Protein chains: 2
Amino acid sequence: MPTNRIGQSTIVLPGRPRILAGASIAGKKEGEGPLRGDFDQIIEDDLFGEESWEKAESRFQYEAATAAIAKAGLTPAQLDVALGGDLLNQIMAASMAARELHIPFLGLYGACSTMAESLCIASMLVDGGYARHALCTASSHFCTAERQYRFPLEYGCQRPPTAQWTVTGAGSIVVSGDDTRPALCRATHVTIGRIVDMAIKDANNMGAAMAPAAADTLTRHFADTGRSPADYDLILTGDLGRVGHDVLLALMQERGMPLDPTRCTDCGLEIFAPGQDTHCGGSGCGCSAVVLSGHILRRFREGDLRRVLFMATGALLSPTTSQQGESIPGIAHAIALEADA
Amino acid sequence: MPTNRIGQSTIVLPGRPRILAGASIAGKKEGEGPLRGDFDQIIEDDLFGEESWEKAESRFQYEAATAAIAKAGLTPAQLDVALGGDLLNQIMAASMAARELHIPFLGLYGACSTMAESLCIASMLVDGGYARHALCTASSHFCTAERQYRFPLEYGCQRPPTAQWTVTGAGSIVVSGDDTRPALCRATHVTIGRIVDMAIKDANNMGAAMAPAAADTLTRHFADTGRSPADYDLILTGDLGRVGHDVLLALMQERGMPLDPTRCTDCGLEIFAPGQDTHCGGSGCGCSAVVLSGHILRRFREGDLRRVLFMATGALLSPTTSQQGESIPGIAHAIALEADA
């Protein structure tokens, strides 16, 4: 069989699948941040009119998905497959949203790497002609994540300085193989992440737990493609936050592939302003999902970006692994996006 | 771009990816059942030497994966991607196993449909040349599932007649695009499932909740491919159990596509004998994973089967959705397997 692989672990997409559209719906706090102008909708009510935060998170997914499909000029019935996930046990938000969409559904769990994981798989499926149009969606919600992973909100737990703030929001993107449709950008390369675990056990310092996985994927991506950091206008990690971002810069410096801090940033650093009291920045599947679907795709559309490496990171912990004394496995999937020539 | 799609929602795999090998490791009760001779290993200790059932489940995954890789004549480093999941919150068993394997990892959540979901995605990635060798693994464990989804084991809760028994075990399969290697069988078609929810809320009657999704996928598969039930030696559902299996037969009868009960069975019905007191049969991601990896691949090897439609079903509920009054979304992914010509 022919191969679309280069180097050890990177995939080339000869058909350069098209990113047709993206939509992002964010919560109130995110809507007060520096990217507020890039979101399709800002929802002030953290329940989004639903009875529970979990159902609200699912509604964020559904609304982002239907908005992205509409912006792509499609109807849900034209989508061949929807890929998505979230942080909730049994990816409840994604499953319930997919139930309403009636699109063939592949559920994913990659923690906060989910948006990248879904884009990687969708781009390969579209490139290979296994799907004509594919939908990628991910979400998180501050209130569902806090109560599932940490403490009941009512407890008013104090957050340590290394903590990040789970983003409330969902992002959704349509990937297409239809050559007749205009693209915001195109997917060219995929590097699937390996799990890297440097024995960090602090669930309030996930940036440090994920940074080594980001460095591993980045190193493999550069080695496989022959590219260097300078080949990208922007290297955008998912939600390393301040601590994880600094660890990544240090690790890449050590490996002789220093990243230019003016062309390497993290969705968790972009989404909130320093005065918003989120400590190390944003996190959650929704963080990279809304930053990519809103902010980054807008900059592609305006010609401000030509080539971006989007690499969302995930901390594959669960309350059970933490209680059983396990360290936090990190993962990072990368996808290269390029302006349509 | 070219298309590998036929009909509304089925995918053809022109390269016919090879199933090189499968391995199955099962627990004590499964090892006392009618398929005991088909498992690579039977583990009497439900802790598998670990400190917790969750860690034991992860060890089942790891051992099944390494056994499948070895039986395929490969080393872990030769695998381009591992896809897998389980029922645990944040797919803890799969993540921890992938951490030891060091293979690029795509985490999935499809509840008990996971083995089919992973095979569907892996087969497309291999067919398209995006992976040379791919690994698919899924597991479940009676003790982890009971305490997560239902009641603490110590409580000794009485099980209603519609209940199924979560299988303890893991199955792993290597899918390959390497034309020089002998195949047990080959993947030819994929039909990705849509979520179907007929408003069933009883977590002790998941067969009934999943059967309509199985009927939906099956109907679309036949319509797209022009095939009929008679084209398959065996239509093998995942874990519908006795109630769900009977509902599926009734639904397909209603739709004018009656299934021959001698050539349509369910992994949940095969794995335990009636005298084992499991009520409606087996369930869990591990159920279809061990039956396929062990029993079915052995029958392909022996020439007893020529063409099988493997369709694992998933009930996408969570304890949270149940507590919040939600009904159970069902899903079923189908993959057609054919003997090597």
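What do the buried residues of α3(B) pack against? Hold that thought for a moment while I set things up.

What you're looking at is a predicted model, where local features need pLDDT of at least 70, side-chain atom pairs count only at pLDDT 80 or more, and totals for chains, interfaces and linings use all residues. Residues are numbered from 1 along each chain as its sequence is written, and chains are lettered from A and ligands numbered from 1 in the order in which they are written.

Okay, back to the opening question. The buried residues of α3(B) pack against α10 (319-323) of chain A, along with α2, β5, β6 and β7 (133-140) of chain B. Helices here are DSSP runs (H or I, at least four residues), strands are E runs of at least two, and both are numbered from the N terminus. Buried means 20 or more other C-beta atoms within 10 Å of a residue's own, with C-beta atoms placed from the backbone. By that count, 9 of the 10 residues of α3(B) are buried, so this helix is largely enclosed by the rest of the structure. Among them are Met92(B), Met96(B), Arg99(B) and Leu101(B). Just after the helix, His102(B) takes a positive phi of about 60°.

Now, the two chains together. The same surface serves both copies, as 100% of the contact residues of chain B recur in chain A. Contact, by the way, means C-beta atoms, placed from the backbone, within 7 Å.

How many residues does the contact take from each chain? It takes 56 from chain B and 56 from chain A. On the chain B side, elements giving two or more residues include α2 (53-71), α3 (92-101) and α4 (114-127). That side divides into 25 nonpolar, 20 polar and 11 charged residues. For those classes, Ala, Val, Leu, Ile, Met, Phe, Trp, Tyr, Cys and Pro are nonpolar, Asp, Glu, Lys and Arg are charged, and the others, Gly among them, are polar.

Let's zoom in on one residue of α4 of chain B, Ala122(B). Ala122(B) is buried, with 30 other C-beta atoms within 10 Å. Leaving aside neighbours within four places in sequence, Ala122(B) touches Leu83(B), Ala134(B), Cys136(B) and Val175(B).

Over to chain A, which is divided into domain 1 (5-176) and domain 2 (185-338); such bounds come from an automatic or database domain assignment. Their C-alpha centres lie 16 Å apart.

Last stop: α6 (206-225) and α7 (241-254) of chain A, whose axes come within 8 Å and cross at roughly 35°. The axes are lines fitted to C-alpha atoms over the stretch in contact, with angles running from 0 to 180 degrees between N-to-C directions. The α6(A) and α7(A) contact has 12 nonpolar, 4 polar and no charged residues. Residues making it include Ala211(A) and Leu218(A) of α6(A), and Val247(A) and Leu251(A) of α7(A).

Key:
Two residues are in contact if their C-beta atoms, placed from the backbone, lie within 7 Å. A residue is buried if 20 or more other C-beta atoms lie within 10 Å of its own, exposed if 12 or fewer, and partly exposed in between; C-beta atoms are placed from the backbone.
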